[in-house]
Amino acid sequence: MDRWWSDGTERGGVLWGGVIAIVATGALLGVFQNALVRTGDKDDGLAWKYEPPKLQTLEEIQAQAAAAGAGSAPTPAPVAADPNDPLGIPVGVSDIPDVGRPIEITVTKARELVDAKGAAIIDAREPADYAAGHIPGAVNLPFDEVITDPARLEAFDPQGKPILVYCGGVTCELSMKLGHELVRLGKKRVLVYTGGWPEWNDMKFPVETGAPGQGA
Amino acid sequence: MLEFFRHPTVRRVAQLGAGVIFLAAALPKIADLEAFAVSIHNFHMDPVVPMALTNVLAVTIPWIELVAGLALLANVRPRAGAVVYTALMALFTVAVIAALARGLSFDCGCFGKSGAANLGAQKLLENLGMLALGVVASLERRG
């Protein structure tokens, strides 16, 4: 074997040389392509380093509001924890501000809102996942379907409650995107529960099964 | 049995099949890098592959697939192409198993964002089949 275009008899060092050549050529082409589209007229390339999307948490926003409003408005008295609740979740869900963008919430706040029926809940996963189990009261609006059909999102009526969005991912990028889309469509007080279904299910919190309640 | 798989025609057919699979996988990803990057993030391999690195993978993997696929189809260094195919396919299969074991469910973006089904047992079987194809395609040619 001494021709570079070997038709399949290559072995040993020559074989591995070919493997390295293929990987290196491919990697170079990829880097080249991304470098070109990133500096081109329409920049639709990828950043070299991936930064996960991040939302402000409810706690951060409340802390900011407290700092900004200190002196002018009295901060509401903390609500006593319910002694019967193992998580010590304070009762009362009216402390969610409208900040014009989605807010990240933790499992504690999500549980509190679900128990108090204090939020309109959207499950952004696929119908089959939804049917297998979902947060009680959730309406199924699969991300892939509604992102191309904003009318369905617009028709979603939270009846004055905050909107809680969750999905099945770990950092739950779909629910973040859906949250942004809801805000863009004029919905108020959009909350993204980033722990989503995996965390809720792991906590052995109440779940509902079956496929009723397809979103408007 | 092994002799059957060593038959030049069988191996060549396996190489062509693997080449077509890689071209079909590479082209939609190259056309929409972002969709593929999101798919890689969805695997959440943070402990093994730092999240910051996933974009570099999204940029390079489709082109490596393309070059390996072309080598397989054009019969230029097909054995090297088959080894690259098999190694990548083994990597993908491990990623799918790891994701399934952790109960993650999402569109894997394996062939770009073409309304593919979510990860499941079927995806795993597909991957094992494609992996077997790669092994046959990589067999050493005698003479």
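## Helices α2 and α5 of chain B

In this predicted model, helices α2(B) and α5(B) are oblique to each other, because their axes cross at roughly 55° and an angle between 35 and 65 degrees is neither roughly parallel nor roughly perpendicular. Helix α2 covers residues 8–31 of chain B and helix α5 covers residues 78–101 of chain B, and their axes come within 10 Å. The crossing in which α2(B) passes α5(B) is left-handed.

On the α2(B) side, the contact is formed by B:Arg12, B:Gln15, B:Ala18, B:Ile21 and B:Phe22. These residues meet B:Pro78, B:Arg79, B:Tyr85, B:Leu88 and B:Met89 in α5(B).

## Helices α3 and α4 of chain B

A further packed pair within chain B consists of helix α3, residues 33–43, and helix α4, residues 54–74. Their axes lie 9 Å apart and the packing angle is about 125°, which means that α3(B) is oblique to α4(B). The handedness of this crossing is right-handed.

From α3(B), the residues B:Leu33, B:Phe36, B:Ala37, B:Ile40 and B:His41 take part. Their partners in α4(B) are B:Thr54, B:Asn55, B:Leu57, B:Ala58, B:Val59, B:Ile61 and B:Pro62. Nine nonpolar and three polar residues make up the contact of α3(B) with α4(B), with no charged residues.

## Helix α1 of chain A against helix α4 of chain B

Helix α4(B) also packs against a helix of the other chain, namely helix α1 of chain A, residues 12–39. The two axes come within 7 Å and cross at roughly 135°, so α1(A) is oblique to α4(B). Helix α1(A) passes α4(B) in a right-handed crossing.

Chain A contributes A:Ile22, A:Val23, A:Thr25, A:Gly26, A:Ala27, A:Leu29, A:Gly30, A:Val31, A:Gln33 and A:Asn34 of α1(A) to this contact. On the α4(B) side stand B:Val59, B:Thr60, B:Trp63, B:Ile64, B:Val67, B:Ala68 and B:Ala71. The residues in this contact are eleven nonpolar and six polar, with no charged. B:Val59 is therefore a residue of α4(B) that meets α3(B) as well as α1(A), with α3(B) oblique to α4(B) and α1(A) likewise oblique to it.

## The interface between chains A and B

The contact between the chains draws 35 residues from chain A and 36 residues from chain B. About 3200 Å² is buried between chain A and chain B, and carbon and sulfur atoms give 66% of this area. Within chain A, the residues that lose the most area to chain B are A:Ile22, A:Leu46 and A:Tyr50, which together account for 22% of what that side buries.

A:Ile22 also belongs to the α1(A) contact with α4(B). The number of salt bridges between chain A and chain B is zero.

Key: Residues numbered from 1 in each chain as written. Chains lettered and ligands numbered in written order. Predicted model: local features only at pLDDT ≥ 70, side-chain atom pairs only at ≥ 80, totals over all residues. Heavy atoms only, no water. Axes fitted to C-alpha atoms, helices over the stretch in contact; angles between N-to-C directions. Helix = DSSP H or I, 4+ residues; strand = E, 2+ residues; numbered from the N terminus. Parallel < 35°, antiparallel > 145°, perpendicular 65-115°, else oblique. Left-handed = near helix turned anticlockwise from the far one by under 90°. Contact = heavy atoms within 4.5 Å. Buried area = accessible area lost by both parts, 1.4 Å probe. Salt bridge = Lys/Arg side-chain N within 4 Å of Asp/Glu carboxyl O. Nonpolar A, V, L, I, M, F, W, Y, C, P; charged D, E, K, R; others polar.
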